[in-house]
Each structure stands twice: as C-alpha cells, then as structure tokens.
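Try each task before reading its solution.

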Amino acid sequence: MDDDAMPARGRRGGTPPGRSGGRLADEVYDTLLGQLMSLRIEPGSRVTIDVLARELGVSQTPIRDALNRMEAEGLVVRVPNAGYRIPPQITRHRFEDMLEVRLLLEPAAARRSAERASLAQVAGLRRMLAEMAELEEGSGPTAYGAFGLRDAAFHDLVALSAENQVIREALARLHSHVHLFRLHHDSQVTHLAMAEHEDVVAAIAARDPDAAAYAMRRHILRSGERFRRLFDEVEDADPVGVEA
C-alpha cells in the first residue's frame, strides 16, 4: 500500500473534526479503488480490515464500509474468517466467454429498452452519460476506475429499463466491466466507449429497437476488440506464461 495514495488526513489517524464517517468511507473507497485499478493492490492478494486500518491511519469502520461497497461491486471477494481477497485478473478464455454471453444478452436488452424504457429511465441514461463525461476528463487510476464502475451502471440501467430481470441478474453476475477495466489503464478506452454509449441512448430515446440492438452489438464488439489487443500484447511479450 503506497502511503502517498491516501490523503494526508488519513495518515494522521481518526476522523477529522466536521467530517462524517460516511465521507471518510468514500475517501477510503477512492483510495482503495485507485490502488486496485493501478495494480498497487495485486490481483489475487488478500486484504484485511485491521491491516488496511493501520496502513491508512483510520478506524476500522470506514474500511469496513468501503470494503462492503467494493464487495457489492465485484471488486473484492469476502473470504469467511479471513478478510477479503482481490479477484485474479481475468484470463483470455474467460474474457472470450463473457464477450459471447454479452453479445447474446445485451443487444436484446437494448432492443427491449427502446420499446419499454420510461421517460425517467431515458433521462437517467442521459444523466449517466453526463457523469461519465466528467470522469473521462479526470486523470489517474481512481478516475479511470470510477469510469469503469459507471460503465457497469450504464449497462445495468439499460437492462433494468428492458424490464427483463433475468438478463439483468445474469449480466450483474459477470462483473465484466470491473474485470475489463482492471486489465489496463487506457484513456482511449473511455473516449471510444462514450461515443458508442451515446449511440445506444440515442436509439433508445428514439424508440428504435433495431437501431438500439445494433448500436449495443457494435459497442460490445468494438469494446471486445480494444481489450483483446491487451491480451495480444501480453502474449507477444510472454507467450509461455499466459494462462489460456
């Protein structure tokens, strides 16, 4: 854990006067997210509340709150009686499997969203794009990681507005966006994803099911191509050490 990654107030210990425990938990969350996305916290490693509390100079409560939030988002896995574990990096084989499942489910969800989304849900998708645009302008692994989580929330809202709970639950269990955005910090990924998301929302807002399905399928295929290149680069560098 890099000491500089935590704001100065964290290293002094305790909760500063006038700052709520919830706000401190948010800052701990941001710190851990940045460490996770920059791979300072290594995939597959184990983290515990008491160790993190000592390293960050805060009480266990904001650490616990931050880790509970990260568990819900698929960023960490709770290990009974042993703290938390960072999920291993996704393998190429699992990446290809997830891509196949997404191509089966998400264009169908976008089609149904164009047919069923309420005006409030369409407005929510547009607000989410605005939030992601602000994150796109940020720098560093924390902003990139936050963009990845908003990306996941965007796809979840499309599935929610499709009114198909089975598709939504299946996509949530994949945690695909979390796994993909942990692979590599690349601002080009966020820039290209934004334009593709805008095409999806435009088709949903226009109530054009065919266009929505097409836009979503194109987005997933292009996203797959971008992340597939990362596996190609690793395999070219170390053809023996890459897990299939």
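**Exercise 1. Rings**

Task: Search the structure for aromatic pairs and state how many there are.

Solution: This is a predicted model. Step one: ring centres must lie within 6.5 Å to pair. Step two: apply that to the whole structure; the search returns zero aromatic pairs.

Task: Find which residue lies over the face of Tyr29.

Solution: Step one: a CZ of Arg has to be within 6 Å of the ring centre and within 35 degrees of the ring normal. Step two: Arg69 lies over the Tyr29 face, 3.5 Å from the ring centre.

**Exercise 2. The span of a helix**

Solution: Step four: look past the helix; Glu163 follows α7 and has a positive phi, near 60°.

**Exercise 3. α3 against α4**

Task: Describe how helix α3 (residues 49-56) crosses helix α4 (residues 60-72).

Solution: Step one: their axes come within 9 Å and cross at roughly 120°. Step two: α3 and α4 are therefore oblique to each other. Step three: the crossing of α3 and α4 is right-handed. Step four: list the contacts. From α3 come Ile49, Asp50, Leu52, Ala53 and Leu56; they meet Gln60, Ile63, Arg64 and Leu67 of α4.

**Exercise 4. Two partners of α5**

Task: Characterise the packing of α5 with α7.

Solution: Step one: the axes of α5 and α7 are 7 Å apart, at an angle of about 60°. Step two: that angle makes α5 oblique to α7. Step three: α5 passes α7 in a left-handed crossing. Step four: the contact includes Arg102, Glu106 and Ala109 of α5, and His155 and Val158 of α7.

Task: Do likewise for helix α5 (residues 92-116) and helix α8 (residues 165-174).

Solution: Step one: the axes of α5 and α8 come within 10 Å and cross at roughly 145°. Step two: the α5 and α8 crossing is left-handed. Step three: residues in contact include Met98, Val101 and Leu105 in α5, and Ile167 and Leu171 in α8.

Definitions and conventions. Residues are numbered from 1 along each chain as its sequence is written. This is a predicted model: local features need pLDDT of at least 70, side-chain atom pairs count only at pLDDT 80 or more; totals for chains, interfaces and linings use all residues. Side-chain values use heavy atoms; hydrogens and water are left out. Helices (H or I, at least four residues) and strands (E, at least two) are DSSP runs, numbered from the N terminus. Rings of Phe, Tyr and Trp (its six-membered ring) pair if their centres lie within 6.5 Å; planes under 30 degrees apart count as stacked, over 60 as edge-to-face and the rest as tilted. Axes are lines fitted to C-alpha atoms, for helices over the stretch in contact, and angles run from 0 to 180 degrees between N-to-C directions. Angles under 35 degrees count as roughly parallel, over 145 as roughly antiparallel, 65 to 115 as roughly perpendicular and the rest as oblique. A crossing is left-handed if the near helix is turned anticlockwise from the far one by less than a right angle, and right-handed if clockwise. Contact means heavy atoms within 4.5 Å.
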